[in-house]
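Try each one yourself before you read the solution.

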Amino acid sequence: MPELPEVEVVRRGLADWVVGRSIESVQVLDPRSIRRHSAGTSDFEQRLSGSVVSAAVRRGKFLWLLLDGPRQPTALVGHLGMSGQLLVEESIEPDEKHLKVRLGLSPEAGKPRELRFIDQRIFGGMFLSPLVPTHDHLPGGMGSEISWLPEAAAHIARDVLDPVSTPESLYMALRKRNTQLKRAILDQEVIAGVGNIYADEALWAAKLHGLRSTATIRRPDVERLHTALVDVMGRALEAGGTSFDALYVNVNGASGYFDRSLNAYGREGKPCYRCEAAGIESVIRRDAFMGRSSYSCPRCQRKPR
DNA sequence: ATATCTTCCTGGGGGC
DNA sequence: TGCCCCCAGGAAGATA
């Protein structure tokens, strides 16, 4: 499913294929996909029609197109949920089974005429949101900075791959919370972009158990965690980038990275690679956590008592 | 106030 | 073979 690296690949595709063009027509095929647009389908279609896309922006797993128009500054916000796709395609292509929204784009040489939102499970969606000036509190006494963000995404923290996210800023954010480590890194208001898979991968790489308390976590632990998060996201982004077909703005939910490089997630009952390399037998276990699964090595990720 | 639980949704897959 | 039930996931809103 799409996580930060996949969403970034989509953003780059939108920047290449959609930015600078106008949205000439809008067709909502399933209103559930725009349920976060509270004014409804016809309002969405009318307000979006005729706007010009000036940029593609991402923070965490939220993605938005900045719209230039006569109205107040507005973003078309998209979230892929767990099965969403954005595809740039020719109008002649048959409708996908789970096509939810079709945007007709102004003609441009060599570029397809439609941007389509496809979503099987409908956890994702699109909606219009006004841009609001938002204070981002920067770490380490650097004060605050104003960013113009869609109102609906203004609460999201800085992103894992944002240079402003540092081990120290993560340490400060974690220490402010009183919860379990994995809960905290999945919380988009602590650090944006981490989903269940990368949370488990980063915790494994940092040799930390997700049940550790954020209130007592130490700097060296957080430094390893931050390094692991940046590393795992960075490598996944490279993998997603290399398989990116320039004709598509595509997320297919099965990036090559997932197939080859997972150390913990989905490996229940299989040997922990790190322990194996050290000549020690240890098997990845799966535990229920927050209504989903957590994978960890019982030996090198010590569970707190 | 903060922390945690529930809900939204579909189709693949396991069990029988 | 087919049905039924569970499971996967992010995040908003409800609840404790």
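**Exercise 1.** In the hairpin of β10 and β11, which residue takes a positive phi?

Solution. Start with the ground rules: this is a predicted model, where local features need pLDDT of at least 70, side-chain atom pairs count only at pLDDT 80 or more, and totals for chains, interfaces and linings use all residues. Residues are numbered from 1 along each chain as its sequence is written, chains are lettered from A and ligands numbered from 1 in the order written, and side-chain values use heavy atoms, leaving out hydrogens and water.

Next, find the strands (DSSP runs of E, at least two residues, numbered from the N terminus). β10 covers residues 285-289 and β11 covers residues 292-296; they run antiparallel, joined by five bridges. Strands pair if DSSP finds at least two bridges between them. Asp287, for one, is bridged to Ser294 in β11. Two residues sit between the strands, and Met290 has the positive phi, near 55 degrees.

**Exercise 2.** Find what the side chain of Arg121 contacts on DNA strand B and on DNA strand C.

Solution. Look for polar contacts (N or O atom pairs within 3.5 Å).

**Exercise 3.** Which side chains have an N or O atom 2.5 Å or 2.7 Å from a phosphate oxygen of DNA strand C?

Solution. Take His79 for the 2.5 Å contact, then Ser293 for the 2.7 Å one.

Terms used
Helices (H or I, at least four residues) and strands (E, at least two) are DSSP runs, numbered from the N terminus. A polar contact is a pair of N or O atoms within 3.5 Å; within protein, one must be able to donate a hydrogen and the other to accept it, and residues adjacent in sequence count only if both atoms are side-chain atoms.
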